[in-house]
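Please look through the structure below with the sequence at hand.

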Amino acid sequence: MVNSFPQALTIAGSDSDGSAGMQADLHTFFARHVHGASVITACVAGNSYGIHASIPMPTDFIDQEFKDLADDYHIKAAKTGMLADSELIHNVVKNYQAADFGPLVVDPVIMTKHGNQLLEESAFNTLRTELLPLATVLTPNFYEAQKIAEMTINNDADMEEAARKMQKMGAKNVIAKGSHAKENQTHVKDFVLLDSGENFWLSEPYHETDRVNGTGDSLSACITAELAKGTLMKDAIMIAKQFVNTAIGNPVEVGHKFGPINHWAAMEQNL
């Protein structure tokens, strides 16, 4: 039957070294047995040492990407990655609302897992007021959760409060990811708050490695892929957490410095 195979969409930038962004999303879709489509929003030139150049796509080109996919494919779930500025966020919001692409997973990509800001302040405010309320799932890292919720997170109770604040802003389901910066850390804990009111913690072993590029992209992409297959929300989140932890724990040795996680290892899981 035409268009019966599960299809998911990534709305993100292209990362030339293949470790993050759209490439990490497509690796994840493939690993989860979902056809991946893409709306490319920017192109980034970089390698394992860092990012050295970037260029945004024209908004009329992005409009055409959305139109062409909506005219032909049956996208069952979509996700966003890094969106460079307010104009681009406006454009993506407009196009997503006009299309029928299913639930939206928002990886806010505001700050790195080490606390460095990636998004200019004006674009952050646009993301929080326009994109976040469309989120079926919101997946901020520790520092992004603090910034979006406008509070300092010192303990588990603070994390739970931050998640509730973000849910009140419009995100239906929130995964507030734990810190990766604690001394002698053995596990990473994430707090999950579902639209139903159910909440729980997820914990996986902490891996001391610099091969973590694309971690946040892959988590949100795995949730997107599972939702495209019709997996229940709670199960999709739990699968994604285990998928990413396995990918981090079995690093791929490519490049000289900061490298990607291992989607092959994660693909071999019987989830």
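Which residues in H7 meet which residues in H8? The model is a predicted one. On the H7 side the contact is made by Thr 215, Ser 218, Leu 219, Cys 222, Ile 223, Glu 226 and Leu 227. On the H8 side the partners are Met 233, Ala 236, Ile 237, Ile 239, Ala 240, Lys 241, Phe 243, Val 244 and Ile 248. By residue type, this contact of H7 with H8 comprises 12 nonpolar, two polar and two charged residues.

The geometry of the pair comes next. Two packed helices are described by the angle between their axes and the distance between the axes. Helix H7 spans residues 215-228, and its angle to H8 is about 140 degrees, with the two axes 8 Å apart. The crossing of H7 and H8 is right-handed.

H8 itself covers residues 233-249, which makes 17 residues. From its first C-alpha to its last, H8 reaches 25 Å, close to the 24 Å expected at 1.5 Å a residue. Of these 17 residues, 12 are buried, so H8 is largely enclosed by the rest of the structure. The buried residues include Met 233, Ala 236, Ile 237, Ile 239 and Ala 240. Lys 241 and Asn 245 are also among the buried residues of H8, and Lys 241 is one of the residues that meet H7.

A disulfide is a covalent bond between the sulfur atoms of two cysteines. With a cut-off of 2.5 Å between cysteine sulfur atoms, the count of disulfides is zero. Cys 222 is buried, at a relative accessible area of 0%, whereas Cys 43 is partly exposed, at 29%.

Most residues other than glycine have a negative phi, and most peptide bonds are trans. His 33 is not a glycine, yet its phi is positive, at about 60 degrees. His 33 sits in the loop between helix H1 (21-31) and strand S2 (35-47). With a relative accessible area of 56%, His 33 is exposed.

Glu 150 also is not a glycine and has a positive phi, of about 55 degrees. The loop that holds Glu 150 runs between helix H5 (142-149) and helix H6 (156-168). Glu 150 counts as exposed because its relative accessibility is 59%, and the cut-off for exposed is over 50%.

Technical notes: Residues are numbered from 1 along each chain as its sequence is written. This is a predicted model: local features need pLDDT of at least 70, side-chain atom pairs count only at pLDDT 80 or more; totals for chains, interfaces and linings use all residues. Side-chain values use heavy atoms; hydrogens and water are left out. Helices (H or I, at least four residues) and strands (E, at least two) are DSSP runs, numbered from the N terminus. Buried means under 20% relative accessible area, exposed over 50%, partly exposed in between (1.4 Å probe, protein chains only). The expected span of a helix is 1.5 Å times one less than its number of residues. Axes are lines fitted to C-alpha atoms, for helices over the stretch in contact, and angles run from 0 to 180 degrees between N-to-C directions. A crossing is left-handed if the near helix is turned anticlockwise from the far one by less than a right angle, and right-handed if clockwise. Contact means heavy atoms within 4.5 Å. Ala, Val, Leu, Ile, Met, Phe, Trp, Tyr, Cys and Pro count as nonpolar, Asp, Glu, Lys and Arg as charged, and the others, Gly among them, as polar.
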